[in-house]
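Please open the model in a viewer with the sequence alongside.

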Amino acid sequence: MIMWVMSDRAIPRSLRMMEGFGVHTFRLINDRGKARFVKFHWKPLLGLHSVVWDEAQKISGKDPDFHRRDLWEAIENGDYPEWELGVQIVEEKDEHSFDFDLLDPTKIIPEELVPVRRIGKMTLNRNPDNFFAETEQVAFHTGNIVPGIDFTNDPLLQGRLFSYLDTQLIRLGGPNFHEIPINRPVAPLHNNQRDGYMRQTVNRGQTSYEPNSLRGGCPFQAGTDMSGFGSYAERIDARKIRERSPSFFDHFSQATLFFNSQSKPEQNHIINALRFELGKVETPAIRERMLFLLSQVDKSLANRVADGLGATVPAKLDKPMNMSIPADVDPRKVQPKRITQAIETSPTLSMVDNPNFPKDNIKTRKIAFLIADGFDDDAVADMKQALLTAGAAALTVAPRLGVLTGANGEEVKADFSFLTGSSVLFDAVYIPGGDVSAAALKGEPEAINFVNEAYKHCKTIAASGAGVELLESAGLVTQTSGEVGKSDPQKVHPGIVISHEASFRKLGDDFIKGIARHRHWEREAVG
């Protein structure tokens, strides 16, 4: 879990670009009563994308509602977020064929071992009319299942079956939270439940029990032949004890798998995240203990984190690694056990090199157009059309708000000023030509900071005509490189695309291809 939280997955570009999956293993049961283990997944159709740590911190200051606003605006604009529902299915006879415990909620099933089969889709096509009524009062509960799905002996799942119900009873004011409109079932509900705080249903009749004769025996428990729920009859031939299975004591193998599966930039981000968090720990002994635990994941990881802390990785610990020990258990029996894994890497765990999400589109990406009065009308119109055709949104950022006038008299409204907008709120940057516009931007420190920050965060930057001069002022394009190939756009540094001509031919295509890569992480290697 620590490796996941310290990774780029913890700082997503958008909630619409997050992968979701349950930690629990459930059962699927067919109409013949045969059961199979299942893990559920949600795969975002927009792919997996993150921001960088410095960017995430600045977003929190510039727009604390960034993710909520992003989701709301996408739905309002008709760019409905979509996730495909996938399942990993394991036959019951194969439960113990893995090198980890299938019922351990801290373990995943690598997709190389059990592929995810996509079977459905979820689309968010409406925003709440009232946030409190439709969002704050939602009562999620692991026990809300339908016939055909049942529970397993996953110990954390079993605990949540109790705790989630108890949570909603307290949080939503009593036993009738299921009658709040957002929690009501779509299908009509008929049972003998009566009264209690916040009761909304007005029940009629003399009976609140079954069997009864006064109401013709209704309502009654529907049988499985009427789509009623039936629990799976699991055969158990063993002693029931209150102990954790020894197969649960492998605490490091999948952490190693996760780290080894990351690209080099992603590994560097994990290391820096751990340096940041442990750098705020004031007790040296706790730092040292964490460094030792990290060495159980990967020695180079631990050593690099230690270098950033000015510390060394201890050779051993004075106390056991696992300090969570039941009163009646020998501490030696619950210490971590290293196992040999079936695979060393799983590409589906990486966000950069994930085969499930090809980087071939820029739908819903927000592109900042840096302009001032005197901008190149044609360049702005052509680039905006190219981006809109590809599904992206073009937004103007200028020294001031209001209406800006182009070199040919075209008027454009500024969506943001440099005070109200920031590069961290956009996915890429375009600087069109126009001598007057370029001169104004070159004299604007915030414009230079805007492109430098976008470069630092590895975003794609394009410029045409006189707009290239802003990149020169920012030190991102040299005079020498700017003189080469004046008739065609040149990729000067990774993710920077320029055209010295006022108009462009393939600049738009190259810009879109660069945005589709999301980030140009190779910049981090050169600083």
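A residue is called buried under 20% relative accessible area, exposed over 50%, and partly exposed in between, with a 1.4 Å probe and protein chains only. This is a predicted model, in which local features need pLDDT of at least 70 and side-chain atom pairs count only at pLDDT 80 or more, while totals for chains, interfaces and linings use all residues. Residues are numbered from 1 along each chain as its sequence is written, and side-chain values use heavy atoms, with hydrogens and water left out.

**The whole chain**

Display the C-alpha trace, which spans about 85 × 65 × 40 Å along its principal axes. The protein has 16 helices and 15 strands; these are DSSP runs numbered from the N terminus (helices: H or I, at least four residues; strands: E, at least two). Of the 527 residues, 43% are buried.

**Strand β2 and its partners**

Select Arg27 and Glu92, whose side chains form a salt bridge at 3.2 Å, N to O. The term denotes a side-chain nitrogen of Lys or Arg within 4 Å of a carboxyl oxygen of Asp or Glu. Arg27 belongs to strand β2 and Glu92 to the loop between β4 (82–91) and β5 (117–123), so this pair ties together parts 65 residues apart in sequence. Arg27 is buried at a relative accessible area of 4%, whereas Glu92 is partly exposed at 28%.

Next, select Phe26 and Phe40. Rings of Phe, Tyr and Trp (its six-membered ring) pair if their centres lie within 6.5 Å; planes under 30 degrees apart are stacked, over 60 edge-to-face, and the rest tilted. The structure holds 11 aromatic pairs. In the Phe26 and Phe40 pair the centres are 6.1 Å apart and the planes stand at 55 degrees, so the pair is tilted. Phe26 is in strand β2 (residues 26–29) and Phe40 in strand β3 (residues 35–44), 14 residues apart. Phe26 is buried at 12% relative accessibility, and Phe40 is partly exposed at 22%.

**Further salt bridges**

A search of the whole structure finds 29 salt bridges. One of them joins Asp31 and Arg32 at 3.8 Å, N to O. Is Arg32 buried or exposed? Arg32 is exposed, with a relative accessible area of 69%, and Asp31 is exposed as well, at 74%.

Move to Arg118 and Glu84, which meet at 2.9 Å, N to O. This pair links distant parts of the chain, with Arg118 in strand β5 and Glu84 in strand β4, 34 residues apart. Then select Arg9, Glu19, Lys43 and Glu111 together to see a network of salt bridges.

**An aromatic cluster**

Select Phe416, Phe418, Phe426 and Phe450, which form one aromatic cluster. Phe418 is buried at 7% relative accessibility, and Phe450 is buried at 3%.

**A contact across the sequence**

Select Gly434, in the loop between β12 and α11 (435–442). Its C-alpha atom is separated by 4.6 Å from that of Asp376, 58 residues apart along the chain. Gly434 is buried, with a relative accessible area of 14%.
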